[in-house]
Amino acid sequence: MARSPKTAAAAAHSLGKPLKRSFFARSVLEVAPDLIGATLLVDGVGGIIVEVEAYHHTEPAAHSFNGPTPRNLVMFGPAGFSYVYRSYGIHWCVNFVCEKAGSASAVLIRALEPTHGIPAMRRRRGLHDERSLCSGPGKLCEALGITIAHSGLPLDTPPIALHARVGKPEIVTGLRIGITKAVDLPWRYGLKDSKFLSKRF
């Protein structure tokens, strides 16, 4: 008896141990590459993180660069919480807050390889191609149903679950995408040769 696409995809991907908030209480430049290969689930829907970007409060591309505002306050800690914002007034984007309280640094989740809840993703996105479901920060938020209601939620408590990667993936680095400041920092990280990236490295 053939398994459904959802069951087959989930069965093909074994989950590592749950990640706790303490995982994020260190340098954002350590956390970002360590997230490649981890699995993000929201209400059981999600996949393998294949692309991220790091943002540090000392550089002008970070939302926290000019200090706290009602929108970015969650970035100022503590670590291990989600920061969701709307990009260009259209798409939601999800970030994971890192470092000690007051540091205001975070990792933007840019792309996933879908593994869990693919039928739900297809309904939400209105398309079938798995490679296009989560190949961008706005796309993955739509696919996982992430909105501003998820901002400020702990990353180790339902509806959010994060699982450590299994094995050590080959990671590539590059320049961040879609910014006009601090453009020379190589703080974009991705899974080498992944077909699910938002853009090639």
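Modeller: The largest pocket has 26 lining residues, and those nearest its centre are Tyr85, Ser87, Tyr88, Gly178 and Ile179. By pocket I mean, on a 1 Å grid over the protein atoms alone, an open set of points with protein on both sides within 12 Å along at least five of seven lines, where lining residues have an atom within 4 Å of a point. Two or more lining residues come from each of strand S2 (45-55), strand S3 (82-87), strand S4 (91-98), strand S5 (105-116) and helix H5 (137-144); these are DSSP runs numbered from the N terminus, helices being H or I with at least four residues and strands E with at least two. S3 gives the largest share, four residues. Sorted by class, the lining has 13 nonpolar, seven polar and six charged residues, with Ala, Val, Leu, Ile, Met, Phe, Trp, Tyr, Cys and Pro as nonpolar, Asp, Glu, Lys and Arg as charged, and the others, Gly among them, as polar.

Bear in mind that this is a predicted model: local features need pLDDT of at least 70 and side-chain atom pairs pLDDT 80 or more, while totals for chains, interfaces and linings use all residues. Residues are numbered from 1 along each chain as its sequence is written, and side-chain values use heavy atoms, leaving out hydrogens and water.

As for the cysteines, there are zero disulfides (a pair of cysteine sulfur atoms within 2.5 Å). For cysteine 98, the nearest cysteine sulfur is that of cysteine 141, 16 Å away. For cysteine 141, the nearest is that of cysteine 93, 6.0 Å away. Cysteine 141 is buried, at 1% relative accessible area (buried means under 20%, with a 1.4 Å probe and protein chains only).

Note on methods. On a 1 Å grid over the protein atoms alone, a cavity is a set of points where a 1.4 Å probe fits but cannot get out, and a pocket is an open set with protein on both sides within 12 Å along at least five of seven lines; lining residues have an atom within 4 Å of a point. Buried means under 20% relative accessible area, exposed over 50%, partly exposed in between (1.4 Å probe, protein chains only).
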